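Please look over the sequence and the three-dimensional structure shown here before reading on. The paragraphs that come after them are meant to be read with both in view.

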Amino acid sequence: MLMMLASGCAMMAPSPPQDQSNICEIFREQPRWYDYARESQQQWGTPIATQMAFIQQESSFRSHVRPPRNRILGFIPGSRPSSARGYAQAQDPVWGEYREQAGSTLARRSHMKHATDFIGWYNARTHRQAGVSLNNPEHLYFAYHEGVGGYQRGSHRGKPQVLRAASQVSSRAGRYQAQLASCEAEFRCRRFYQVGPFCRA
């Protein structure tokens, strides 16, 4: 029954965007994602483009993705290497902290609203504890992947895969930011009730 329920939830989740290289196309497919990322930016300060670059790197916009299981003898499914799951690939301990400190007990890692809010919350904590600028996606990602303590110890420096991923996040965030500048007006004030003081522009 639980497996059927999980399968049904995954089927109801939005499909990953077809063109993940262009944030304008991503938001045209899923305009509510813009609203969620905008709300997170206003609450925590991480730019929309950086949030979406994190999610693309972590999950390729797949709502229920989890790390593949380890294989015993090459073919027997074993345990997963971590508890990461969802759009932001948040692990159980830090997701618990987020829900206690900033989120709701009903927050789900498979919902984009909660994933963007989590990333904003986490990066705000990194900024507060380690002094990393919210406009520095590369170093924010180091801390996101390694934990703030690991980042401060420099644990990322000996991990080529993490260095490469952070560089990709930084480049993607820059592209997304330039693209968003050309199309963001499409997503602001697009609803009939968003007029005058109710417009988020």
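Predicted model: local features only at pLDDT ≥ 70, side-chain atom pairs only at ≥ 80, totals over all residues.

Residues are numbered from 1 along each chain as its sequence is written, and side-chain values use heavy atoms, with hydrogens and water left out.

The chain contains 8 helices and 2 strands, where helices (H or I, at least four residues) and strands (E, at least two) are DSSP runs numbered from the N terminus. Followed along the sequence, these elements give the pattern α-α-α-α-β-β-α-α-α-α. Of the 201 residues in the chain, 43% are buried, a word that here means under 20% relative accessible area, with exposed meaning over 50% and partly exposed lying in between (1.4 Å probe, protein chains only). Among the contacts in the chain with a separation of 6 or more, 56% are between residues 24 or more positions apart, a contact being heavy atoms within 4.5 Å.

Is leucine 180 buried or exposed? Leucine 180 counts as buried because its relative accessible area is 2%. Leaving out residues up to four places away in sequence, leucine 180 touches Ile23, Cys24, Phe27 and Ile48.

Alanine 115 belongs to helix α6, made of residues 112–130, and it is buried because its relative accessibility is 1%. Which residues does alanine 115 touch, when those up to four places away in sequence are not counted? They are Ile55, Tyr87 and Ala88. Tyrosine 36 and alanine 115 are 79 residues apart in sequence, and their C-alpha atoms are 8.9 Å apart in space.

Glutamate 146 is placed in helix α7, which runs over residues 137–153, and its relative accessibility of 16% is why it counts as buried. Its side chain makes a polar contact of 2.8 Å with the side chain of histidine 145, where a polar contact is a pair of N or O atoms within 3.5 Å, and within protein one must be able to donate a hydrogen and the other to accept it, while residues adjacent in sequence count only if both atoms are side-chain atoms. Setting aside neighbours within four places in sequence, glutamate 146 is in contact with Tyr151, Ser155, His156, Lys159 and Val162.
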